[in-house]
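My notes are below the structure.

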Amino acid sequence: MKVARILISAEEIQAKLAEMGEAITRDYQGTDLLMIGILKGAFVVLADLARHVRLPVETDFMAVSSYHGGTHSSGLVRILKDLDQEIEGRNVLIVEDIIDTGHTLKYLLRTLAVRKPATLSLASLLIKDDVERPHFDIQYEGFHIPNEFVIGYGLDYDEKYRNLPYIGVMDTDSTTSPTDVQDGFKLAD
């Protein structure tokens with residue numbers, strides 16, 4: 001597989017995360033904040049976003065799966081790793097890499113809400129447009145993107161390409177095998 005084109009550069013990502021971090025800092029000033037990254041994709045987003053939040057924050061992770069390989073969600077949601085700490089009475093900010101159909105996130109929000117956090121907010125680097133999804137509020141939005149399969153900056157294809165420093169659109173029409181391209185860092189011709 002190759003990257004057909006770069007959709008969002010590394011510099012644009014860092015500028016947006018700085019903007020989101022400023023808003024989170026302002027909104028949570030004087031409070032205790034727990035940032036929860038949704039694994040595996042959000043680990044990169046959470047790490048960089050947390051560095052832009054100018055407050056002492058705690059972090060935790062959940063692993064929730066609905067893809068099981070490939071490029072389309074299976075619709076079945078499974079919790080693979082739960083939180084290590086209790087969230088009752090805490091200010092909780094869920095950090096996502098991408099919001100697609102929203103089915104996994106809807107399940108996650110319901111699951112966490114019953115644990116009675118003081119507040120439950122959402123930050124996402126990417127939101128896919130032109131996708132039918134349940135309604136929920138996204139307090140901290142990054143980029144709205146077209147409904148294309150994207151990789152990089154935590155997003156994967158078959159567990160690869162998470163380490164790309166940018167968001168790229170995957171060239172799904174390529175006849176090149178993944179072994180023909182060194183780690184997916186080449187752009188399609």
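The entries that follow cover the sheet and then the helices on it.

I noted that this is a predicted model, in which local features need pLDDT of at least 70, side-chain atom pairs count only at pLDDT 80 or more, and totals for chains, interfaces and linings use all residues. Residues are numbered from 1 along each chain as its sequence is written, and side-chain values use heavy atoms, with hydrogens and water left out.

Sheet. I found an open sheet of six strands in the order E4-E3-E2-E5-E6-E7, with mixed pairing. Helices (H or I, at least four residues) and strands (E, at least two) are DSSP runs numbered from the N terminus, and two strands pair if DSSP finds at least two bridges between them. Strands E4 (78-81) and E7 (140-145) are the edges, each pairing on one side only.

I looked up E2 (residues 33-39) and E3 (residues 57-65): they run parallel and are joined by seven bridges. Ile-38 stands opposite Met-62 in E3.

Helices. I saw that H3 (residues 103-113) packs on the sheet and touches E2, E3, E4, E5 and E6; contact means heavy atoms within 4.5 Å.

Which residues of H3 are buried? They are Thr-104, Leu-105, Leu-108, Leu-109, Thr-111 and Leu-112, where buried means under 20% relative accessible area (1.4 Å probe, protein chains only). They cover an arc of only 165 degrees around the axis, so they lie on the same side of H3; the arc is that of the directions from the helix axis to the C-beta atoms. Their cover includes E2, E3, E4, E5 and E6.

How values were computed: Axes fitted to C-alpha atoms, helices over the stretch in contact; angles between N-to-C directions. Buried < 20%, exposed > 50% of the residue type's maximum accessible area, 1.4 Å probe, protein only.
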